[in-house]
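Dear colleague,

I am handing over the structure that follows, and below it I set out what was found. Please keep it open beside you as you read.

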Amino acid sequence: MSTNVLYDAPGPKARRTSRIISVVGVVLVLALVAYLVYLLGRPRISANGAVTASVLDPSRWDIILDRNLWRNIAGGWLATVRAAAVASVLAVAIGVLFSFLRTARTAWVRIPTTIVLEFFRGMPVLLMMLFILLVFSTGAFWAVVAALAVYNGALIGEALRSGIASLPRGQREAGLAIGLSPVRTRFAIEFPQAFRQMLPIILAQLVVLLKDTSLGYIVGYVELTRRGLNRLGTSYGSNYTFTLFAVVLVVYLLTNLAFSYVVRVVDRRTGRRGVVKKPQGGGLGGPGLLARTGRPSVDATTGGSQATST
């Protein structure tokens with residue numbers, strides 16, 4: 001029995017070098033962490049000689065037990081989630097529209113859409129927020145939502161276009177053969193498969209959208225960052241600036257980790273894997289995404305491909 005590899009197995013010298021590099025890397029990381037703890041733990045001395053307690057001093061963390069802090073953090077978090085939720089729905093809708101226009105067979109539709117897409121993809125989100133706020137006077141909330149929806153919708157549209165382009169040509173031809181119009185074929189056959197294939201990428205882009213809501217701080221939207229660092233910073237004083245920063249950081253981190261976990265679960269459940277059939281014809285573990293979308297499966301006996309029927 002032979003094992004095929006894409007590279008030569010490392011020898012004793014390569015393994016020893018790899019272990020040395022790993023040990024050195026771990027030591028450098030630990031040294032960096034220790035240095036950061038030292039910087040945070042030492043007291044601050046101002047220009048006039050006044051001594052300020054270190055950021056690790058318990059006196060700078062007593063606001064953690066204040067209910068007013070967590071009420072304001074909860075309000076800012078809800079504002080962030082609300083903007084992200086509305087922008088996500090609009091971004092997916094805009095992405096579907098862009099992908100439909102981008103793949104149109106008519107040049108006078110496809111070419112202008114491509115130019116608009118490249119413009120939105122290349123424009124910074126913050127500048128788009130400021131432009132919408134100053135030109136259309138929409139208010140801070142809709143400036144944030146519209147900018148995030150348009151920018152991320154352009155990226156989602158390109159992802160969906162790639163998913164449609166990766167489908168076998170027979171999918172479209174089969175729809176046309178049974179009498180569906182090109183538009184109905186696109187929405188009834190191609191879009192569902194492309195969306196299923198690109199769902200992990202779309203969800204990952206929505207995680208980025210959630211983090212980009214913090215840019216609303218600049219345009220005056222009272223989301224988590226603005227409420228946690230600006231309003232609470234003014235209320236509690238500069239002595240608690242680092243504490244508030246740490247609290248906001250942890251809340252963002254937990255929110256993004258929870259959303260990322262959902263993305264990984266969806267990615268596993270919609271994994272693009274084919275079906276390997278037993279000699280008797282039974283599938284191992286049930287049909288995967290490729291089988292459900294009409295991709296060929298592999299026969300374990302002959303190694304040949306077989307069309308999967310639905």
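Helix H9 contributes the most to the lining of the largest cavity, giving 4 residues. Before going further, please note that this is a predicted model, in which local features need pLDDT of at least 70 and side-chain atom pairs count only at pLDDT 80 or more, while totals for chains, interfaces and linings use all residues. Residues are numbered from 1 along each chain as its sequence is written, and side-chain values use heavy atoms, with hydrogens and water left out.

A cavity here is a set of points, on a 1 Å grid over the protein atoms alone, where a 1.4 Å probe fits but cannot get out, and a lining residue has an atom within 4 Å of a point. The structure holds 1 cavity of 30 Å³ or more, and the largest cavity has a volume of about 40 Å³, where volume is the space filled by probe spheres set on the grid points. Its lining is made up of Trp77, Thr80, Leu210, Leu224, Val251, Tyr252, Thr255 and Asn256, and the elements that give two or more residues to it are helix H2 (67-102) and helix H9 (241-269). Helices are DSSP runs of H or I with at least four residues, and strands are runs of E with at least two, numbered from the N terminus; the protein chain has 10 helices and 5 strands.

Turning to the aromatic rings, those of Phe, Tyr and Trp (its six-membered ring) pair if their centres lie within 6.5 Å, and planes under 30 degrees apart count as stacked, over 60 as edge-to-face and the rest as tilted. The count by this rule is 11 aromatic pairs. One of them joins Phe187 and Phe191, a tilted pair at 5.1 Å centre to centre with 50 degrees between the planes, and both residues lie in helix H7 (residues 182-212), 4 residues apart, about one turn of the helix.

With kind regards

How values were computed:
On a 1 Å grid over the protein atoms alone, a cavity is a set of points where a 1.4 Å probe fits but cannot get out, and a pocket is an open set with protein on both sides within 12 Å along at least five of seven lines; lining residues have an atom within 4 Å of a point.
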